[in-house]
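Colleague: I am new to reading models. Could you take me through some packing in this one?

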Amino acid sequence: MANQEGGDLVSQLVDLVREFSRLPECRNAVKDMYVNLMRRVKLLNPLFEELKDSEEQLDGDDDVQGLQSLKIALNLALELLKSVNGGSKTFQALQIDKIADKFRAVTAQIEEALCKVQYDRFDIPEEVREQTQLVHAQFKRAKGQIESPDLQFRTDLAMVKKGKEPDIEMIKRLSAKLHLTTINDLRRESLAIHDLIISTDGDPENCFEIMSCLLKKINDFVMLGNPKLDSSDHENSFVRHRSPVIPDDFRCPISLELMKDPVIVSTGQTYERSCIQKWLDAGHKTCPKTQQTLLHTSLTPNYVLKSLIALWCDSNGIELPQSQGNSRNPKTGRTGSECDPTAIAGLLEKLANGNSDEKRAAAGELRLLAKRNTDSRICIADAGAIPLLVELLSSRDHRTQEHAVTALLNLSINEANKGIIVGVGAIPDIVDVLKNGTMEGRENAAATLFSLSVLDENKVAIGAAGAIPPLIDLLQNGTPRGKKDAATAIFNLCIYQGNKVRAVRAGIVISLMELVKDASGGMMDEALAILAIIATHHEGKVAISRADPIPVLVEVVRTGSPRNRENGVAVLWSVCVGDFECLKMMKELGAEEVLMELSENGTDRAKRKAGSMLELLQQAEFREGNV
């Protein structure tokens, strides 16, 4: 009975997290609290997916009660996020302390519910367990220190409440913080205040006069004083000759300098690429800002932030960082942030009704335009380009096909576009390009599947569409870039249990072992990372055991990089648990001394795994002595 009830609860939790994923972007003063709570909740999804695949583990009333408490807490969180994402932005700003208390309360309730879920005893992959532990720790820290508005915002609000006449800089800051920067924003806010007064039968919290005054000031600023609106040469000159304060979000947390090439690490924090790479190269395995253990060391370009930095530099008369120098089109002189709906409409007309040459040229132009910046990606998608590009994936002209799949790759960088691409049924066509396209087409198809697989629900659909066998083929036979694209896609897809099975049955273990043995091939890091994740599944463990991995892996643990030693010992542990012959071979290869050294000098995870392996070897020695 507990199994059935627990299974139903897990399914409900999976559906609940999907509702969080469908929530719109928050554009008001509580954005930071909104985003952080949503991000933490979504990070629980791998745990729920694993439990859904093996609900027989939920065999006790304690499990069911823990999940029930978590469901109640997450429902409250969902309602809170929905409530703060609508209504009057100015009213919410004036009630910011009360809203922060609500976030603090719901965060505490989720943390308390997680304490009741005994996830440490579940038979789930190590990386899922570690991620759940990290998320739980985040909730524990956050319940006592929910993000409050920054000091400057608090000061500005206090001045407004006291009736002090705000200066232009204060209005500018409030306009940005409240996301009231356009005429449409102000119209919606005016209607929201009107609806609020009607729904509360009067003046809510006695602050209608303050709200009206603030809205009028911001309206005057947007209409007359906003530098974005038709600035004169004099205004532009003023902007260029003042010394603007660099927004904190644009500074690297390590160097505190304006970022040129921002990248995201596994904790969700953003750093300047060169700074975080130096940190990782020094052997660190934690996030410098949060001190959380990094689940992996892949660096994902933060294209959205890069575009925002470029726009900020342009509007403040600051020279763009060197790596962003191509954001201006040398032929047209237009900045990369511009988006020409008429030109895009003309390209779509050619995609729909042009001859083969026109379609090829139009797809190529959209490919380049989608690479430019966030605004372009949004404009192209809003104009309806994605279904037309998906149709071109079936083109017999290889160059047209390459342009189409690469354009979709560039468009998929935008989170909303991922949903559109999948929604129009693109996955099977992308997989077909991966199977039958040119090498460039196959590489970019693999990269597109990786981008789409960032959303957990897409991992299932991509695996079911047959993507894994051609990804393995690209991993074996592709160019160096193609192998990298295939490896990152496979790794991400194999976070889902069903895809681990698909990969093992498609023969991935043999390919991975060959890459590990070929130290000069440049793919050892990726191969070991995939082996470590596959080894957490029973079929993966069996397949790896049959590939005679012990000598190779012991050598990796002895001489490899910190990351490879960590993954190598993780695979060894998975393979050797309960296998006396495997442990005996390790002793013969002198693994005990290697593991003792690793238990002292390895990464945190490597130390734990090495300690567990030493215990297994001692047990095997005791057993051998008693035989």
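Colleague: Which helices do the buried residues of H18 pack against?
Modeller: This is a predicted model, where local features need pLDDT of at least 70, side-chain atom pairs count only at pLDDT 80 or more, and totals for chains, interfaces and linings use all residues. Residues are numbered from 1 along each chain as its sequence is written, and side-chain values use heavy atoms, without hydrogens and water. Buried means under 20% relative accessible area (1.4 Å probe, protein chains only), and contact means heavy atoms within 4.5 Å. The buried residues of H18 pack against H15, H16, H17, H19, H20 and H21.

Colleague: How many residues of H18 are buried?
Modeller: Helices are DSSP runs of H or I, at least four residues, and strands are E runs of at least two, numbered from the N terminus. H18 spans residues 385-392. Ile386 and Leu389 are among its buried residues.

Colleague: Which residue in E2 is the bridge partner of Pro262?
Modeller: Strand E1 covers residues 262-264. Three bridges join E1 to E2. The partner of Pro262 is Glu272.

Conventions. Buried means under 20% relative accessible area, exposed over 50%, partly exposed in between (1.4 Å probe, protein chains only). Two strands pair if DSSP finds at least two bridges between them.
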